[in-house]
Amino acid sequence: MNTKAPRLQCGTHALDLSQPRIMGILNVTPDSFSDGGRYARVEAALAHAREMVAAGAEILDIGGESTRPGAEPVGLDEERRRVLPVVEALSAALDVPLSVDTMKPALMREAVAAGAGLLNDVNGFRAEGALEVAITAAREQGVALCAMHMQGAPQSMQQAPQYRDVVAEVEAFLAARAAALLEAGVPRAQILLDPGFGFGKTLEHNVALFRGLPRLAAAGLPLLVGVSRKSMIGVLLGDRPVQERDAGSAIAALLAAQAGARVLRVHDVAATRDALALYSALWADAGDVQDRQEN
Ligand code: HH2
């Protein structure tokens, strides 16, 4: 594989991936926006989307089906009802690429028609028909595709995940998904790969995968990493509840970026932006500071 993919083409938007970029998470599941009808939900989603963009998000990831461990699957009509009005409203109001987090091929097609520039599938486009829809959207509309690794399905994936060598197995899975996309004619600049933290993985698996990020990144396609507020952060910090995981999440996002991740999927955009900016000011650009002082 080629060594670098410095650009991500998301439909009509292009992102320079020479720096890590922040993907803000926009949940349109009922637990995120519990009250109000459809209009209220769209309004609330738009307000939160604007806040995330102002804070530094350069992609927004809209999801209408929770994939938390044990989550019940959502039917197509319900997921459609939650997601499509939000994609339509955001694509009219904001000039950032919109990602839709779905495993369902019908919704993928409709989301692209509504303005999505990236299809994010935690199931790695393995549902029947998903790969075909994704490839067609990539070739005809230039949308980007994020293929994630998951062992099992959300309802049961945390019951007893097992690997002989988690890094090697995830690497092989992602390489095979990438090969399927490339062979079908999807350009490299439209592919993201994601090791899928917390998806059919124990804490040990997650830690091994995190340490394996440089190896996964070395394969040459850009990596998306999503560890924000996940239980691995909570457990590693001593059983932190979910609302107290944002500082840890920002630090983990920074560490992932240092390990080679190019897109960071996060809830707290401002904290992540600050972590990346400080790294860049205090460390990555240290040579520039020295030059400025010497001149
Ligand atoms: N994680 C979640 C959902 N979608 N997509 C990608 N590509 N990578 C991920 O790691 C990923 C994902 C799970 O996030 P969750 O904890 O359910 O948060 P939210 O419900 O806010 O999406």
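Mentor: First, the labels: helices (H or I, at least four residues) and strands (E, at least two) are DSSP runs, numbered from the N terminus. This is a predicted model, in which local features need pLDDT of at least 70 and side-chain atom pairs count only at pLDDT 80 or more, while totals for chains, interfaces and linings use all residues. Residues are numbered from 1 along each chain as its sequence is written, and side-chain values use heavy atoms, with hydrogens and water left out.

Our helix is H4. It runs over residues 130–141 and has 12 residues. From first C-alpha to last, H4 reaches 16 Å. That is close to the 16 Å expected at 1.5 Å a residue. The expected span is 1.5 Å times one less than the number of residues.

Now look at what H4 hides. Ala-130, Leu-131, Val-133, Ala-134, Ile-135, Ala-137 and Ala-138 are buried. Buried means under 20% relative accessible area, exposed over 50%, and partly exposed in between (1.4 Å probe, protein chains only). In any α-helix there are 3.6 residues a turn, so residues three or four places apart point the same way.

What covers these residues? The cover of H4's buried residues includes helix H3 (105–114) and helix H5 (166–183). Strands E6 (118–121) and E7 (144–148) are among the covering elements too. Just past the end of H4, Gly-142 takes a positive phi of about 70°.

Take H3, one of those neighbours. The axes of H3 and H4 come within 8 Å and cross at roughly 15°. That angle makes H3 roughly parallel to H4. Axes are lines fitted to C-alpha atoms, for helices over the stretch in contact, and angles run from 0 to 180 degrees between N-to-C directions. Under 35 degrees is roughly parallel, over 145 roughly antiparallel, 65 to 115 roughly perpendicular, and the rest oblique. The crossing of H3 and H4 is right-handed.

Contact means heavy atoms within 4.5 Å. By class, this contact has six nonpolar, one polar and one charged residues. Ala, Val, Leu, Ile, Met, Phe, Trp, Tyr, Cys and Pro count as nonpolar, Asp, Glu, Lys and Arg as charged, and the others, Gly among them, as polar.

H3 has another partner, helix H2 (residues 76–93). H2 and H3 pack at about 20°, with their axes 9 Å apart. So H2 is roughly parallel to H3. This crossing of H2 and H3 is also right-handed. On the H3 side, Ala-106, Leu-107, Glu-110, Ala-111 and Ala-114 take part. They meet H2 residues including Leu-76, Val-83 and Val-87. The contact of H2 with H3 has eight nonpolar, one polar and four charged residues.

Next, step back to the loop between E6 and H4. Phe-125 sits in it. Most residues other than glycine have a negative phi. Yet phi of Phe-125 is near 60°, a positive value. Phe-125 counts as buried because its relative accessibility is 2%. Asn-123 lies in the loop between E6 and H4 as well. Asn-123 is buried, with a relative accessible area of 14%. Its contacts are Met-103, Met-148 and Met-150, not counting residues up to four places away in sequence.

Finally, turn to H5, which is also among the cover of H4. H5 crosses helix H6 (residues 203–211) at roughly 65°, with the axes within 9 Å. That makes H5 roughly perpendicular to H6. The crossing of H5 and H6 is right-handed. Here Val-166, Val-167 and Val-170 of H5 meet His-205, Ala-208 and Leu-209 of H6. The contact of H5 with H6 divides into five nonpolar, one polar and no charged residues. At 46% relative accessibility, Ala-172 counts as partly exposed. Its C-alpha is separated by 9.7 Å from that of Leu-216, 44 residues apart along the chain.

Technical notes:
A crossing is left-handed if the near helix is turned anticlockwise from the far one by less than a right angle, and right-handed if clockwise.
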